[in-house]
Structures are given as C-alpha cells and as structure tokens.
Amino acid sequence: VSTRAHALAIGTALALCALGAGAADRAPLRVPDTLAERVRACTACHGPEGRATPYGYFPRIAGKPAGYLFAQLRHFRDGQRENALMSDLVSHLSDDYLREIAAYFSGQDLPYPAPRPSTLESAERERAAALVTHGDAARGVPACTRCHGDAMTGVQPAVPGLLGLPRDYLVAQFGAWRNGTRHAATPDCMHRVAQALSADEVSLVANWLAAQPVPADAHPAAALAQALPLECGSVASPAGTASGAAR
Amino acid sequence: MSRLRFAFVYALVAVVAIGGAVALLLIGLGLRGDDAVAPEPPVAAGPFVAQPGQVERGAYLARAGNCGGCHTARGGLPYAGGRVIETPFGGVPAPNLTPDLETGLGRWSAADFWRALHDGLARDGRPYAPAFPYPDFTLVTREDADALYAYLRSLPAVRRANDPGRLRFPYGTTPALAVWRALYFRPGVFAPEPAHDATWNRGAYLVRGLGHCEACHASRDALGGASAAASFTGGALPTQHWYAPALAAPVEAGLADADATQLVQLLKTGVSPRGAVIGPMADVVATSTQHLTHEDLFAMAVYLQPASGANPHATASRAAPAVPDAPPDQMKAGAAIYHDHCARCHGDAGEGAAGAYPALAGNRSVLLASPVNVVQAILGGGFPPSTAGNPRPYGMPPFVATLDETQVAAVATYVRQSFGNRAPAVSVLEVARSH
C-alpha cells in the first residue's frame, strides 16, 4: 500500500470519483438505507456481519463489546493504532458514526465456527494453559482470565474477548504492543504484559487461544468478577477510579 | 525516475552555484522586495488584542486555507504542528502555530505573520520551503492575514517543539530556496479583475489564494515549480500515488458540463449526484471545504466554470488519442472479477446507485489518462468524509488483501473499457507502482 503521506503543499487531490456523465442507460440501483449496507467496506475483510473466521488474519468483530470497538476505531483514526488500511478507511468518520458502527457489530449475535486445531505438543499446551489461566506472578504477568473474563469472552464495556480470533492476529497484536504501534489509554496494561512475555510465550499463548472452542454463551461478561490486577486506562482501575471508559 | 533525479542533482548544484549568486545579488539589490536580510522587527509591546470579530473571521479563513490539514497531526492538538509533508525532495514538518512562546508563534507580531504568508520568509528572514504554499498565500490580503493571526493568537498555547526539516541536501539550503524563489515566486496581493463580477472575484481569491487549489491541481516541473501556464492542468501528487485532475479540462474534473450546484454540493458534503470524494480530496472536504459558506463555495464554482475565463484550457478540445483495445484475456478476467466483487454496488452496467455508490459508466476518475486514482480506489477503498450533509457515508472495501496485482489491473482495465468507457488498459506494472 502506498504511504499516502501528505504531498507537496497541503496534500490534496480531487479524487473526484465522479461525474458519471449519464452514460448509464439503466436506472440506478436502489440501495438499502441500512447500516449493514453502509459498512460493506468493513465486512469485505471482517466477514459477513463481522464474523471473520479463525483462519486468515482478520479478526472477528461481531459480538465484541461496543466500547472496545469504538475505542479501536478512534485509535485507528487518531493514530494510537497503526494499520494503514484501517486508518485510511476511518480517517474522516465522525465519533457519532464510529459509535454507531461499533454498536452495530457489537450487536451481531452470531454463532462461532469450530476453532482451528492446535499445532502444539502436549507440554506446550500445558505451558500455554498455565500462563493463560494463572499468569506468572514472579514477572508480574496476570492470568488472561483476570481481565478478559473467566470464559475469556470479554467484559462489558471495554475488554475484548480472546476466543474465536486468528492466531496470526493475536501474535501481531502482542508485537504491536511491544513495539509501540498499538496503544491503549494510559496506563497501558497490555503494553506491560506484552513486554513481560517472550516471543516464544506469545506464540504459545496465541496458538493455544486460537484452538479453544468458544463456550455456548459467547457473550461478554456484564462486569468484572474482581478488581483488575493491573491499572488499565481503558477500564475502571482496581481502586475503582474510572478513567475514560472507552479510551 | 531515480536516474533522472540523479542527473537533476548535478544540474541543481550547477544552478545553485550560478543562480545562487544571481539570486543573492537580486535580493541584495532589493529587487525582489523580500527584505530577506532585514533585521527582525521588535516584538510588539504588550499583549495582542484582537479587534471585534477578527478571531471569528480568522477561524473561518483558517478553514478556507485548510491550515489544520497540515499544521495538525493525526489525532494531535489543533494547529500544534507535527504532520510531515512528504515531497520528492524530502519531508517538511509543519510547524506549531499555537501561541506558545518557545515552540509556537508566541513571539511573532502580525507583521512577522504577514511576511511569512506574503513573502514566504520566516521570522529570522530565511525562506520557507514551498511545501508551505506561499506562492498561493501571497495573494491573501493584509486584512485577512491579520485575522488569521488574531485567530492563531487566540488558540491555547501548546508546547510542542518543531521537528527538524528533512529536505535532502541541497534542497533545503537558503541558496537553493533563493533560486527556487527567483524562478517561481512572485509576491503580490490579489487584485480583483474589473471585467468580472464580485462573485467571480471572490472565487478567484479563494481558489488561487488561501484555498491554494493549485498546490495539487497543477502540474509541476522537475524543480517542483508550478508555472502560470500550468494553472489547473492537473498534477500527479508526488509520493502519494494520486492524481489531482485538471480542474480546467472537461474530460478530467473540469466543470464544462457540471453545474456549479453540484460542485458546491461535492465540496460541502463530500458527495454529489455524480460521485463522491475519496483519497486526498476527502481530506480537503473533511478539514476545509465542508466548513465554508454556500456563498463562498458557489463563488469558487463560478470562478472554475469554463465560461468564466479562468480556464483557458477548458474549451480547447483535446484531440482524444485512439485507445487500443485491451487484451481479450485481460478483459475476460476483469469481467469475472467485476461481477464477483463490484457489480453488486456499482451495477452490471456500471450504473451505480445514487447517493451511495458512484456510477462507473462515464466516470471521469475512471477515464483519466492516468489510471492511478482508479487503482488506488480499488486497492484502498474508502469512505467519503462524515459531513453535516452526509454524516453516515457508504464505503468501499479495500481489495488490496483480496486481489493480486494482476487481478487489480484486469478489473481496472475492464472498468475503463466497458459501459461505454474508453481509456487505456492498465498494466500490472502500473498497479505495482501504486502499491
């Protein structure tokens, strides 16, 4: 993809997609005035209704907490998350519209496909499961389940679920947090977690997570069962001082 | 391309050697009116006090000039700078315009600001790189410059040090810029043309001055200069892989058969009955033109009407070169891709859907001699901006992850040679260059 950097002078071009001079003989198509129709730009990659499969790279967005999705859309727009395609797509969409798009995909209550078979050896599986469910207190790494919910289906309104996602996507997010191309609101707890894990551990955990079946009730939990183990700017802190719910 | 640039460096060194001496002589003689070596004027005593209405007027003018398009970083604080304007000669970071004393314009007087806008000279007298479009801004009146200054003074001060310039040697040096200025820059305030009415003149002032449309919609030579003869002839955006269509040419974005109302609508809302803006022009609509009054947008459209005389090229019919047929295999492959991925929205006959998806039949972006815009649209997709008139735009998906370069070339070719369209086939190489 081109850099799309701004060019000589205030980078502007009439990409005037336009002016179809009436050459078409047919009556123009009629397009439904629905959000589903308006977000076809999203579903080409994220799957119909946002339910991309665990194969490939693109994450499923259907059913994720609306606050989380809205924060991500804003972060792509404003530069806290780097992905040229996403940033270019949403760069001039308003907060109101992004909130509406987030609510639309969050509201898609659709079944999950079977997970991708694990490629881990049994010893690796045990190591991954231990990290996910217990963390590593010595290094200050909390269990994934502490924040993402016991079922790892996420917590309303801002913590995403970890199941039903492609392995490659999960690995890439850890990498982005480590090298600073993905940020959450300060204090950025996931940055700390990603820094503490080795590349090998990231690979194990991502592989393990991608192989887990999604439980029958795949909805995000309504609230955290207990205080967060780390301070996270994206959600209410352990002390209970909310700091910018969706950022 | 790089060989050309290589040769150009040597040429420029020679030009700098000779031209630099000449330019310095000219400046020394004061023939350019630059005051380049004048001492800094003293800082005005006491705090700046704006006149009534001046700040509001300046806020509007800052929109018209799209100052924030460059001087506000993505997700950054307004006018605190930080965005880097990439040029073929290196990056030019847009500086902090907030009134911070150390890093912004806090110590600038209205006269300093006028000199920057009108003469393209920094407070210390050094010339700016023309990525700052002062060859256009020089037309801005002193009254408007003062209103802009008053508005910028009213902003909250943001401490954000400016990034160092990244122009490659020798482009950013004072002698090189002096040569560039001697060749391409003429200071001068806009003078209304008595032959035209007030609306036309208002449009001319906005389009050619503050709006700096020519910064993109003009072709540039190897030195990055836009000559008067090249006005609104269209220009490839260096480093961006987009083409700014010629506003003067009916076959490109020209307005020969589009009424002014549709252009006003496009600039105000991002969509019109005949199309939508994506890419760099979406940036312009989002941060600038959607905020302008109907009267000003209409004036701009009137000025750009071919009959108005602003566009000498507009009525001159271009001899359309014969377009050879695309290879049948490429057309066949393109048709299959079109029907799988495009027809649902753009229609089997490229008829489009009003208000949502542009028609491709007769679409000027599709038919431009250069295929870069249609290729960019296919690769990256896009949404037109959210505007008051179109708050929830329909979008087009990116196909960069779905189609390979051969497929993009095929479908772009199919679209350019179907539905009555006739434009040259697109090669895989042309797609690869846009990648």
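Start with two helices of chain B. Helix α14 (residues 372-380) packs against helix α15 (residues 405-416) at about 125°, and their axes lie 10 Å apart. Some ground rules now. This is a predicted model, where local features need pLDDT of at least 70, side-chain atom pairs count only at pLDDT 80 or more, and totals for chains, interfaces and linings use all residues. Residues are numbered from 1 along each chain as its sequence is written, chains are lettered from A and ligands numbered from 1 in the order in which they are written, and side-chain values use heavy atoms, with hydrogens and water left out.

Helices here are DSSP runs of H or I with at least four residues, strands are E runs of at least two, and both are numbered from the N terminus. Axes are lines fitted to C-alpha atoms, for helices over the stretch in contact, and angles run from 0 to 180 degrees between N-to-C directions.

Back to the pair. α14(B) and α15(B) are therefore oblique to each other. On that scale, under 35 degrees is roughly parallel, over 145 roughly antiparallel, 65 to 115 roughly perpendicular, and the rest oblique. The crossing of α14(B) and α15(B) is right-handed.

Who touches whom? From α14(B) come B:V374, B:V375, B:I378 and B:L379; from α15(B) come B:V408, B:V411, B:A412 and B:R416. Contact means heavy atoms within 4.5 Å. By class, that contact of α14(B) with α15(B) has seven nonpolar residues, no polar and one charged. Nonpolar covers Ala, Val, Leu, Ile, Met, Phe, Trp, Tyr, Cys and Pro; charged covers Asp, Glu, Lys and Arg; the others, Gly among them, are polar.

Stay with α15(B). Helix α12 (residues 328-346) of chain B also packs on α15(B), at about 90° with the axes 7 Å apart. So α12(B) and α15(B) are roughly perpendicular. The α12(B) side includes B:Q330, B:A333, B:I337 and B:C342, and the α15(B) side includes B:Q407, B:A410, B:V411 and B:Y414. The residues of this α12(B) and α15(B) contact divide into 11 nonpolar, five polar and no charged.

One more residue in α15 of chain B: B:T406. Is B:T406 buried or partly exposed? B:T406 is partly exposed, at 49% relative accessible area. For the cut-offs, buried is under 20% relative accessible area, exposed is over 50%, and partly exposed is in between, with a 1.4 Å probe and protein chains only. B:T406 and B:Q330 sit 76 residues apart along the chain, and their C-alpha atoms are separated by 8.9 Å.

Next pair. The axes of α9 (residues 260-269) and α11 (residues 294-304) of chain B come within 9 Å and cross at roughly 130°. That makes α9(B) oblique to α11(B). The crossing of α9(B) and α11(B) is right-handed. Its contact residues include B:L263 and B:L267 of α9(B), and B:L297 and B:F298 of α11(B). The class count for α9(B) with α11(B) is eight nonpolar, one polar and one charged.

Now a covered helix. In α4 (residues 110-119) of chain B, eight of 10 residues are buried. Among them are B:F113, B:W114, B:R115 and B:H118. The cover over the buried residues of α4(B) includes α5 (134-137), α6 (142-154) and α7 (174-184) of chain B. B:G120 follows α4(B), with a positive phi near 70°.

Two single residues. B:H71 lies in α3 (residues 67-71) of chain B. At 13% relative accessibility, B:H71 counts as buried. B:Q54 lies in α2 (residues 54-64) of chain B and is buried too, at 14%. Beyond four places in sequence, B:Q54 contacts B:F48, B:D146, B:A147 and B:A150.

Chain B has 16 helices and seven strands. Of its 435 residues, 56% are buried. Of the contacts in chain B with a separation of 6 or more, 64% join residues 24 or more positions apart.

How values were computed
A crossing is left-handed if the near helix is turned anticlockwise from the far one by less than a right angle, and right-handed if clockwise.
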